[in-house]
Amino acid sequence: MNEELKHCDGIVLYLEATPILDAGGLTALSRLITEHEKTGKSIFFAEWQFQPLKTLAKAKIKPTTESIRFFSCLEDALKNIVKT
């Protein structure tokens with residue numbers, strides 16, 4: 001596993017069990033995104049629930065090709081995090 005991690009392009013956050021994103025969580029998430037962008041790595045979010053997505057939309061946080069990517073399932077996120 002450690003050998004595979006050397007080829008990773010970022011981190012995966014698996015959000016299946018996260019039904020709510022409140023203001024504090026949004027602030028922390030924004031800070032994580034800002035700090036992670038400085039490293040040139042990506043954050044891959046897997047399995048967002050409806051309410052947190054709605055909160056992100058209101059905050060105008062969107063997936064971007066460079067640093068933030070959303071995936072409907074964990075398997076897709078994991079496939080994409082490993083550099084080819």
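**Close-up 1. Lys60 sits in the loop between α3 and β3.** In this predicted model, phi of Lys60 is near 60°, a positive value in a residue other than glycine. Most residues other than glycine have a negative phi, so a backbone angle like this one is worth a look. Lys60 is exposed, with a relative accessible area of 68%.

**Close-up 2. Glu47 lies in the loop between β2 and α3 (50-58).** Here, too, we find a positive phi in a residue other than glycine: the value for Glu47 is near 60°. With a relative accessible area of 18%, Glu47 is buried, because buried means under 20%.

**Close-up 3. Phe45, Trp48 and Phe70 form one aromatic cluster.** Let us take the rings pair by pair. The centres of the Phe45 and Trp48 rings are 5.1 Å apart and their planes meet at 35°, so this pair is tilted. Both Phe45 and Trp48 are buried. For Phe45 and Phe70, the ring centres are 5.5 Å apart and the planes stand at 85°, so this pair is edge-to-face. Phe45 belongs to strand β2 (residues 42-46) and Phe70 to strand β3 (residues 68-71), so the pair links distant parts of the chain, 25 residues apart. Phe45 has a relative accessible area of 1% and is buried, whereas Phe70, at 26%, is partly exposed.

**Close-up 4. The charged end of Arg69 sits over the ring of Phe44.** That charged end is 5.3 Å from the centre of the Phe44 ring.

Methods. Residues are numbered from 1 along each chain as its sequence is written. This is a predicted model: local features need pLDDT of at least 70, side-chain atom pairs count only at pLDDT 80 or more; totals for chains, interfaces and linings use all residues. Side-chain values use heavy atoms; hydrogens and water are left out. Rings of Phe, Tyr and Trp (its six-membered ring) pair if their centres lie within 6.5 Å; planes under 30 degrees apart count as stacked, over 60 as edge-to-face and the rest as tilted. Buried means under 20% relative accessible area, exposed over 50%, partly exposed in between (1.4 Å probe, protein chains only). Helices (H or I, at least four residues) and strands (E, at least two) are DSSP runs, numbered from the N terminus. A charge sits over a ring if NZ of Lys or CZ of Arg is within 6 Å of the ring centre and within 35 degrees of the ring normal.
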